[in-house]
Amino acid sequence: MTDWNKFNPAEFDERQKIVKQKGALIALAVFAMLSGIDIVLSDIFRWADGIGVVVLLMGISMAVYQIYCAVNGGFMAANAKELGSDKINLILPVVILGLLIFMIFIDIIDDGNIRFVENGILRTSSMMMISSALILGSMIIATLIYRSNAKNDDNDSDE
């Protein structure tokens, strides 16, 4: 039987919620702007096709969102340390994205040759790998920013 008194969901304070909302709006604007650029580019020359373009644009937007939230203090819940979930929330996505990048990279290797481009256009799997790598990289950067801010907060509270 589950003891619901022990269940303590992640809580974001009002400032963090505002940061997350602004970050989502900025990421949506970046996605819309990049989609417009893609429409213009695809009319001029064919650089990519398939759902990979959407995945790539989503990866860029997600990276912008994560970095914005980390810089402005909205990356992790206010009670993350109490939950003990800050490490799990940081390590689990990194492991999952790392495995995804590895599996996609295996798909890109064809007969010993690494093929990111096929018939003059980026392959869908290449764009998915780039998107995953962008999200993973931004998550690592956001984690470093979060840890740096947490150390600075601890140093400020000690004084």
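Just after helix 2, Gly73 takes a positive phi of about 80°. Helices here are DSSP runs of H or I with at least four residues, numbered from the N terminus. This is a predicted model, in which local features need pLDDT of at least 70 and side-chain atom pairs count only at pLDDT 80 or more, while totals for chains, interfaces and linings use all residues. Residues are numbered from 1 along each chain as its sequence is written, and side-chain values use heavy atoms, without hydrogens and water.

The predictor's confidence in each residue, pLDDT, runs from 0 to 100. The protein averages 78, and 79% of the residues score at least 70. Two elements mark the ends of the range:

| Element | Residues | Mean pLDDT |
|---|---|---|
| Helix 1 (highest) | residues 14–44 | 90 |
| Helix 3 (lowest) | residues 80–83 | 56 |

Where pLDDT is low, the predicted coordinates should not be read in detail.

Helix 2 (residues 52–71) has 20 residues and spans 28 Å from its first C-alpha to its last. That is close to the expected 28 Å, which is 1.5 Å times one less than the number of residues. Its buried residues (under 20% relative accessible area, 1.4 Å probe, protein chains only) include Val53, Leu56 and Leu57.

Asp38 lies in helix 1 and is buried, with a relative accessible area of 18%. Beyond its neighbours within four places in sequence, Asp38 is in contact (heavy atoms within 4.5 Å) with Trp47 and Val53.

Phe102 belongs to helix 4 (residues 86–108).

Key
Helix = DSSP H or I, 4+ residues; strand = E, 2+ residues; numbered from the N terminus. Buried < 20%, exposed > 50% of the residue type's maximum accessible area, 1.4 Å probe, protein only.
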